[in-house]
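Please open the model in your viewer and keep the sequence panel beside it. The tour below moves from one selection to the next and says what is found at each stop.

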Amino acid sequence: MKEGFLTRNDSHSIFFTDLAEQCSEDIRTLFLRHLEYSMVKDTTNVQPWDIYFALSLSLRDKLIQRWLRTQYEYRKQDVKKVYYLSMEYLIGRLLVNTLINLGEYENSYDMLKEFGYELEDIAELEPDMGLGNGGLGRLAACFMDSLATQAYPAYGYGIRYEFGIFKQNIVQGYQVEEPDRWLKKGCPWEIQRPELTYRVRFGGEVVTETLPDGKILYYWLNTDDVMAVAWDIPIPGYKVDNVNNLRLWQATATDEFDLEYFNNGDYVRAVEKKNISENISKVLYPNDNIHLGKVLRLQQEYFFVSATLQDIFALWKQDHDNFTDLPDKIAIQLNDTHPALVIPEMMRILIDEEQLDFETAWDITRQCCSYTNHTILPEALEKWSVKLFEELLPRHLMLIYQINEHIMNQVNQFYPGNIDKMRNLSVIEEGPEKKIRMAQLCLHGTHTVNGVAELHTRILKERIFPDFYEMYPERFQNKTNGITPRLWLRTCNPQLASLITEHIGESWVSNLDFLRGIEQYAKDQEFLDEFLEIKEINKRTLIRYIFKTTGIRVRKDSIFSSQIKRIHEYKRQLLNALSAIALYFRIKDNPQLEFTPRTFIFAGKAAPGYYLAKLIIKFINNIGMIINKDPMVADRLKIVFLPNYSVSLAEKIIPASDVSVQISTAGYEASGTGNMKFALNGALTLGTLDGANVEMAEEIGMENMFIFGMNAQQVIELKQKGYNPRDYYNNDPELRRVIDSIATDMFSPREKGIFLPIVSSLLDMGDVYCIMADFQAFLDAQLRIDRLWQDRYAWAEKAIINIARMGKFSSDRAIKEYATDIWHIKPIQLDLP
C-alpha cells in the first residue's frame, strides 16, 4: 500500500459542503435555486420541462453529496470492489425511482402541487435512457440498483450512446426505425468528467525488441487513436446513504478538426476525423450485417474495454505500487461476451506496460475476471474474423494466439492426442475463414462462468460447453436472474405496493422474501376486492394509453394477455398470433359462443436486419386490422401492438396485465425476467417450462400457472426422431385452417403473398422452434384460462399466491449470491449524519 492517502490522518473534513456554515439540503430550496440559476427561468416563462430538469438536478445534488462520501469511504477502507462491465444498461427513467430511494417522493409531490403541477405529469416528460435494448441491459440496471441498496462497493461501466437502438414507429403495419434522440434536451443525471479522458488505439503495427537477456518487448505503433471521455451517473440505493457509480464512455477525436484542411477550404475533411471517431459511441448495436457494421461493433467493444481497464488501473495505481494482490481487491464481471476483450487487453497492459511475464499476467487476469453467459443460441455466441483482428487489434491477436497455445498445451496434457477436444476447446475456430470465439476465450480466461437459470446452466454444461465443463467443473455456477422490487412493484404499481405495505409493512421493498406474508390474505375477500380494484384502475390507465397510441378501444373486463419482449422467432410471438387467429375463427363459426373477451397485447422491437422478425410485426398488425374491425367479433377479441417498447412502457403494461405470455421454445430462453415482473404484479403465467419459468413453477406451484407444451428434453427427442411439421398441419384441421388463411392472403388482401415466408418457415424449413407441435397445447391452455377467469375470486387468489411467492426472484438475492460465491466482496454501509 502506498504512503499518503490511506495513511493520512485528516483532522478536517475534505468535503466542501461540510465546511460551509449553512448548507441546506431542503429539496424545495435546491429546486427553486436550480429553476433560477440552472434553468434561468422565472415564474413568467417556466415550462414543464424546466420543472422536470430542475427537480432532477436537485435530486442529483443530494446524490452527489452521498456519492462523494461513498467513493471516499471505499477508497479509504481499500475494500475489494466489483467492476460490472456491460454494453447495455436499460435504465429507463430515473426520476420517480430516485425520489422513492431518497425518501423525497411525498415532499416533491406536495411541492409541485403547490406550484400547480402534478408529479405524475412531470415524470412522463423524462425520456428513457437509450443505453440498452433487451433483457441483458435491464438485468444490468436491476443489478446496479441491488448493489447500491445492499451497500456493495461496485462500479458499472458502459458506453454513453448518443442514440439508443432506435425509435420504433409502426407505419401500415411495418416497423419503421428512427433515431432515438434521448439526449436531445440533455440529461440531468449525468456528470461529464473531462479530466478522466483516455486514449484508445486501433490498427497500426506491432514492433518487437529483443533484450540481451532474451526478453521480448512489444510496441504497438502508428495507431489510429480516439479519446474516451467519462460521464458518470450516480446510482442510489433504497433508503441507504450509499451511492454507487455508473461510468459511461463517450468517443471523441484526438483533435476536434484539422486546421490545415480548414484553412485550405476543405471544410468536410477538416472535421472528418472527429466525425469518424465519434461514430464509436454514436448508436447502440450498429447493423452488423455489413462489413463496416462489424468493424464498428468490434471498435465499440474494444473502446469500452480499453477505457474501462485504463480507468481501473489508474485508480489502482493511486494507492498501490504492485499487482500481486490485484485479484484480492478487484473483481471484474463480464456481462456476456461483449466485454470479452478485457482478457487480452488486461494481458497487454500487464505484459507490455507493466513488464510482467505471461504466466503471472495470465494468472492475475483469470483470477480477476468472471463471465456470465446469457444465451445458448449459436448466432448470439460472438465470433470475430481473424482478418478483422489483424486490421483493428494486431497486438491482441498475437496475445490471443499466445493464450490459445498455452491452453492447447494444457488440453494436450489432459487429453493426449485428442484432436476433437483440442478443436472444441480452442479459442480459434478453424475453417475457410478463421474466427476467434469469444465465449471460449471467456471460459478459459475467467475463474467462474455462470448461467442465469438452473435449466440454462444445465444446458451449458451438458449441450453447449460439455468439454469445458469436463475440464473446468469447478468454474461453472448457476445464478438465477432477478428483478428489483423497487422499480418493478414499488415504483410502477404504487397502489398495489401500498396495499401490500398496509398489511405486512414495508420490509418487502428491500427483502422480497417478506412478501410471503401476504399469502395469508389470499382467501380474504376484502383483500381480494382491493386487489381487483387496483388491477381495474391499472387497466383503465392502459386502456387510455392504447387508445391514444393506436386508436383501438378495448374492454376493461377482457383478459389482458401480454407478450412484451424483443421480437425473435424462438420467443414465439408467432405462436401467440396464430392462436389469436384460431380464436377468431371459433367466434366466426359460432357467433353465439360464450367467449371470454380477450385483448392480445404485443410490444417489442425487431433488429433492423432481422427480416423474419420484422415480418412477424407486420403480421401481428395485419391480423389486428382484420379482427379488430370485424363486426361479428365486436369487442370480444382485440389485437394490439404497442410501438416503441421501452422500460417506461413496460411500467404501464405490466401492472395492468392479467396473463403473462412466456412461451419460448423449451431449451432456448436463458432465463427471462419479464416473467418475474408480471408475476410480481399479479399476472398469471401462460408459459413453457423454459428458462426461469421452471424455477417459478417450483416456487409458485404449477397449479397457479398455465404451463403447456413440450419441455426441453421432449423438444430434443422430437427432433431426434425426425420432426415433420407437416404431420401436424395434415392431422389438425384447426391448425391447417389457420395456416391456409395466411397462405391465401386473408390477412394481406392488398399485399398478396407477403406472408408466404412465414408459412414457408413453418412448413418447408423445418419449423425450428416447434410452433406447429405446441399449437394445440397452447390453445388448450387458453381454454383453461377462460375457465378460471369465470371465478374472479379464484383468479385473484392465484394472483396473490404468485406475488407472495416471488421472493426468490429478487435481484437482491442474485447479487448476494454473486457477491458471496463469485466476487467475494462485502457490504460497506455508509452512515451519514
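A salt bridge, as the term is used here, is a side-chain nitrogen of Lys or Arg within 4 Å of a carboxyl oxygen of Asp or Glu. What you see is a predicted model, in which local features need pLDDT of at least 70 and side-chain atom pairs count only at pLDDT 80 or more, while totals for chains, interfaces and linings use all residues. Residues are numbered from 1 along each chain as its sequence is written, and side-chain values use heavy atoms, with hydrogens and water left out.

**First stop: salt bridges**

Select Asp764 and Arg726, which form a salt bridge whose closest N and O atoms are 3.0 Å apart. Asp764 sits in the loop between helix 32 (756-763) and helix 33 (771-789), whereas Arg726 belongs to helix 30 (residues 725-731), so the pair ties together parts that are 38 residues apart in sequence. Helices (H or I, at least four residues) and strands (E, at least two) are DSSP runs, numbered from the N terminus. For accessibility, buried means under 20% relative accessible area, exposed over 50%, and partly exposed in between, with a 1.4 Å probe and protein chains only. Asp764 is exposed, at 52%, and Arg726 is partly exposed, at 33%.

Next, select Glu519 together with Arg805, whose side chains meet in a salt bridge at 2.6 Å, N to O. Arg805 lies in the loop between helix 34 and helix 35 (811-823) and Glu519 in the loop between helix 22 (494-504) and helix 23 (525-550), so this pair links parts that are 286 residues apart in sequence. Are these two residues buried or partly exposed? Arg805 is buried, with a relative accessible area of 15%, while Glu519 is partly exposed at 23%.

**Second stop: the parallel sheet**

Contact means heavy atoms within 4.5 Å, and axes are lines fitted to C-alpha atoms, for helices over the stretch in contact, with angles running from 0 to 180 degrees between N-to-C directions. Within the sheet, select strand 17 (residues 559-564) and strand 18 (residues 598-603), which pair in the parallel sense over six bridges, and find Ser561 opposite Phe600 in strand 18.

Another open sheet has nine strands in the order 5-8-9-2-1-10-11-15-16, with mixed pairing. Strand 5 (191-202) and strand 16 (476-478) are its edges, each pairing on one side only. Select helix 3 (residues 48-77), which lies across strand 1 (81-85), strand 2 (154-159), strand 5, strand 8 (224-236) and strand 9 (243-253), running at about 100° to strand 9.

**Last stop: a hairpin**

Finally, select strand 3 (residues 167-171) and strand 4 (residues 174-178), which run antiparallel and are joined by five bridges. Ile170 stands opposite Gln175 in strand 4, and in the hairpin, with two residues between the strands, Gln172 takes a positive phi near 50°.

Conventions: Pairing = 2+ DSSP bridges.
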